[in-house]
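Dear colleague,

I am passing on the structure below, together with some notes on what came out of it. Please read the notes alongside the coordinates.

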Amino acid sequence: MGSAKLAQVTSRADPWKTYRVLKRVGIVSVVFLFLMFILVTIGQLDMRSQPFRVLTFGWIVFGLVMLTVTHEVRCPRCGQRFYAKGAEFWQMTKECLHCGQEKYAEVSSGPLSGSHGK
Ligand SMILES: [Zn+2]
């Protein structure tokens, strides 16, 4: 009888896992970009060289993938896109653009309170 409930609990273990992974990847990529910038500054990396072009291209592709993944991340509370609402896309938001669920805060279960039901 309790199996359905158990599955629900398991899936709710860490609703922010994707967000944390994205954040870590984001930090690593910024550090990487910073290192590249330093290498160019101290003359260890030629901006006209082939490796630099490959790195730059890779970074642009990586950035686009990150943007797409971030755009598609769903809110654990209302199930809608956390960072996007229609044409609006705000990557730095700290709460869901739809239901106002705070990032990394405990997800309140059950129906949304204060929703404009009939
Ligand atoms: Zn939401």
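Read along the sequence, the protein chain runs α-α-α-β-β, with three helices and two strands (DSSP runs, H or I of at least four residues for helices and E of at least two for strands, numbered from the N terminus). This is a predicted model, in which local features need pLDDT of at least 70 and side-chain atom pairs count only at pLDDT 80 or more, while totals for chains, interfaces and linings use all residues. Residues are numbered from 1 along each chain as its sequence is written.

The axes of helix 2 (residues 17-41) and helix 3 (residues 50-72), which are lines fitted to C-alpha atoms over the stretch in contact, with angles from 0 to 180 degrees between N-to-C directions, come within 12 Å and cross at roughly 160°. Helix 2 is therefore roughly antiparallel to helix 3 (the term covers angles over 145 degrees). On the helix 2 side, the contact (C-beta atoms, placed from the backbone, within 7 Å) is made by Leu22, Val25, Gly26, Ser29, Leu33 and Met36, and on the helix 3 side by Leu55, Trp59, Phe62, Met66, Val69 and Thr70.

One residue deserves a separate remark. Tyr104, in the segment after strand 2 (88-89), has a positive phi near 65°, and Tyr104 is exposed, with 11 other C-beta atoms within 10 Å. Most residues other than glycine have a negative phi.

Best wishes

Technical notes
Angles under 35 degrees count as roughly parallel, over 145 as roughly antiparallel, 65 to 115 as roughly perpendicular and the rest as oblique. Two residues are in contact if their C-beta atoms, placed from the backbone, lie within 7 Å. A residue is buried if 20 or more other C-beta atoms lie within 10 Å of its own, exposed if 12 or fewer, and partly exposed in between; C-beta atoms are placed from the backbone.
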